[in-house]
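Below are some points on the packing in this entry, for discussion. They follow the structure as shown.

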Amino acid sequence: MSQVRRKLATILATDCVSFSKHMETQEEKTLESLKACREIIDPLINKYSGRIFHTAGDSVIAEFDSPVSSVNAAIEFQKAIKVRNDLEKTNPKLYWRVGIHLDDIIIEGENIYGNGVNIAARLESQSPSGEILISDIVKQHINNKIGEPIYPLGKIDLKNISNNFEVFSLLGDGKNKFKKASNKIINKKLKFAILPFVNNSQDQDSGFLVDGIVEDLITEFSMMREFEILSRQTTVNFKNENEDLKEFSKKFELDFVVTGSIRASGKRVRINIELSDANDDSIIWSNKYDRVMEDIFDLQDEIVRKISIALLGEIEISSLQRSKRKPTENITSYEYLLRGKENHHKFTKEANIEALKCFDKALIADPGNAQAYAWKVCTLGQALYRGFTDRDSDEVFSEAKDNIEKALELNENDFECHRMLSAVYLSDHDYILAEDHGRKAFNMVPNDPRVLSGYGEVLVRTGKVDKGLELLNKAFELDPVPQGQSTSDNRIKDLILGYFFAEDFNKVIELSFDIRNMDIRSLVLILFSRSKLNQDIKSSNEYSLFINNHKDTDWEQTVDRFHIQDEAIKSKIISFIKTI
């Protein structure tokens with residue numbers, strides 16, 4: 001790993017305004033015009049001793065030793081581009097915006113990141129077209145050293161950095177004043193998504209490796225309380241449905257997006273990865289790696305650390321204790337683990353059988369692979385829940401419990417085991433142990449929607465309704481359509497349960513309209529809520545479903561499977577059912 005060093009530097013960020021729009025209407029001419037602009041910008045950055053360390057075609061980020069040199073370079077290329085645009089033959093006329101900031105940066109090899117880069121990129125995104133937006137510290141350094149007038153534009157909200165950031169403009173008329181900074185809360189957690197990486201391998205069978213590495217990265221970030229990260233399934237759905245990235249980012253209120261590609265060849269893995277701002281597409285950090293498979297865990301740690309530093313500065317990341325979480329030192333065992341997970345995610349009987357074989361092979365290669373035991377339990381549970389096995393359910397359940405115990409014995413910090421044990425103990429009505437294991441899983445991985453929903457379900461049942469609802473709502477936000485599902489029904493059903501315990505019966509009714517396939521528990525809770533609101537339940541759709549499909553149900557046994565700890569609430573539900 002290259003040595004980390006710091007220095008004070010001026011960062012210039014510039015990009016082309018409305019580039020994507022121009023590309024949609026006249027692609028070839030836009031590319032020609034862009035090339036002409038870059039032939040102006042790049043040499044002038046070099047003339048003033050700047051170094052370009054990132055470029056994405058329509059954007060450039062450069063480092064300068066001097067704020068004066070940086071601003072002079074920007075002034076000269078903005079004026080040169082204006083002269084070019086004034087020519088009648090120029091088509092399309094491309095305009096650029098610039099942001100400049102002086103700050104401490106971190107250098108690793110050819111890569112630069114840190115607050116200096118982040119702030120310059122954000123200033124660029126808010127710069128008026130054709131102008132240069134600078135921070136107060138840059139303005140102090142260039143006062144009386146620049147021939148152009150400097151106009152104060154006021155204080156702005158600088159996303160994730162400050163809501164009271166003073167900025168100044170050059171090459172404008174000073175009329176583009178920013179509104180007074182809002183008083184919005186700025187300490188909200190950063191929210192981002194790691195999109196499925198492109199598989200550039202010639203051997204498409206390596207898809208399991210690509211998906212596995214990305215899934216591991218998502219899990220790593222799920223362990224950090226500083227972030228919120230979308231679930232793997234939500235990003236897979238985005239890829240499969242070919243959604244527009246802008247709309248996707250807006251829908252989930254993302255701050256950042258991570259994209260990349262992986263090329264696997266033999267035992268070598270090449271990874272290109274890029275972190276960009278979800279709102280303005282500016283590049284925050286990017287890198288290329290060429291490693292052997294044996295280094296894959298160290299590489300994942302490095303990626304997580306660099307992205308974290310790029311977003312938050314140099315923080316201490318306590319979650320990066322890979323020695324406690326690395327599944328195995330045996331690469332064969334790791335590859336079988338990833339193949340097993342890939343098959344588990346397909347949710348078919350054939351894939352379920354193949355997944356179990358893969359996990360067994362992973363354990364043959366390394367009997368100490370705790371994650372292989374844990375994922376085998378998940379797959380056995382999937383077989384039972386979806387009817388993929390003809391084996392006796394008690395026999396399968398017993399095997400699953402044995403595998404959980406083996407996994408915990410090997411690694412007591414495996415959150416998957418605690419997550420599953422919480423569900424097992426809840427089904428056995430052991431609410432104390434269900435809450436204990438749910439809490440352990442949550443403390444380890446506070447952003448995994450499976451953990452959030454499982455622990456939230458336990459909490460609403462054990463009287464911690466507000467906290468439980470917070471977690472259930474967060475699971476819905478990060479993972480609206482859970483893995484293996486085609487609708488949000490399961491998330492909504494959990495929320496109905498939570499709001500029922502909160503006695504927010506109006507919210508229960510509101511959520512009822514979003515369920516596509518009604519389950520018996522939600523059906524009962526919705527009817528109960530309608531009665532509490534003095535509604536005519538007999539005119540409701542739920543009443544018709546109840547009478548037509550569940551009239552002869554054994555309600556004592558059915559309500560027992562709702563796993564309600566409070567016996568008084570159970571009695572009220574059963575008494576209500578008898579009145580229908």
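Which residues does Ile307 touch, not counting those up to four places away in sequence?

1. The model is predicted. In this model, Ile307 touches Phe221, Val258, Ile273, Leu275 and Trp285, leaving aside residues up to four places away in sequence. Ile307 is also listed, with Ile194, Phe197, Phe221, Ile273 and Leu275, as having the most contacts inside the largest nonpolar core, which has 62 residues. Another core, of 33 residues, lies apart from this one, and Leu469, Phe505, Ile526 and Ile573 are among its members.

2. Thr234 is found in helix α7, which covers residues 232-241. Thr234 counts as buried because its relative accessible area is 5%, under the 20% cut-off. Not counting residues up to four places away in sequence, Thr234 touches Phe248, Phe252, Leu478, Asp479 and Pro480. The side chain of Thr234 also makes a polar contact of 2.9 Å with the side chain of Ser231.

3. Ser333 belongs to helix α11, residues 331-344. With a relative accessible area of 0%, Ser333 is buried. Its contacts, again without residues up to four places away in sequence, are Thr328, Ala362, Ala365, Asp366 and Asn369.

4. Is Arg530 buried or exposed? Arg530 sits in helix α21, which runs over residues 520-532, and its relative accessible area is 10%, so Arg530 is buried. The side chains of Arg530 and Gln535 are joined by a polar contact of 2.5 Å. Beyond four places in sequence, Arg530 touches Ile509, Ser512, Phe513, Gln535, Ile537, Ser540 and Glu542.

5. The last point concerns a helix pair. Helix α13 (residues 370-386) packs against helix α15 (residues 415-427) at an angle of about 35°, and the axes are 9 Å apart. Their crossing is left-handed. On the α13 side the contact involves Ala374, Trp375, Val377 and Cys378, and these meet Glu416, Cys417, Arg419 and Met420 of α15. By class, the residues of this contact are six nonpolar, no polar and two charged.

Key:
Residues are numbered from 1 along each chain as its sequence is written. This is a predicted model: local features need pLDDT of at least 70, side-chain atom pairs count only at pLDDT 80 or more; totals for chains, interfaces and linings use all residues. Side-chain values use heavy atoms; hydrogens and water are left out. Axes are lines fitted to C-alpha atoms, for helices over the stretch in contact, and angles run from 0 to 180 degrees between N-to-C directions. Helices (H or I, at least four residues) and strands (E, at least two) are DSSP runs, numbered from the N terminus. A crossing is left-handed if the near helix is turned anticlockwise from the far one by less than a right angle, and right-handed if clockwise. Contact means heavy atoms within 4.5 Å. Ala, Val, Leu, Ile, Met, Phe, Trp, Tyr, Cys and Pro count as nonpolar, Asp, Glu, Lys and Arg as charged, and the others, Gly among them, as polar. Buried means under 20% relative accessible area, exposed over 50%, partly exposed in between (1.4 Å probe, protein chains only). A polar contact is a pair of N or O atoms within 3.5 Å; within protein, one must be able to donate a hydrogen and the other to accept it, and residues adjacent in sequence count only if both atoms are side-chain atoms. A nonpolar core is a set of buried Ala, Val, Leu, Ile, Met, Phe, Trp, Tyr and Cys residues joined through side-chain atoms within 4.5 Å.
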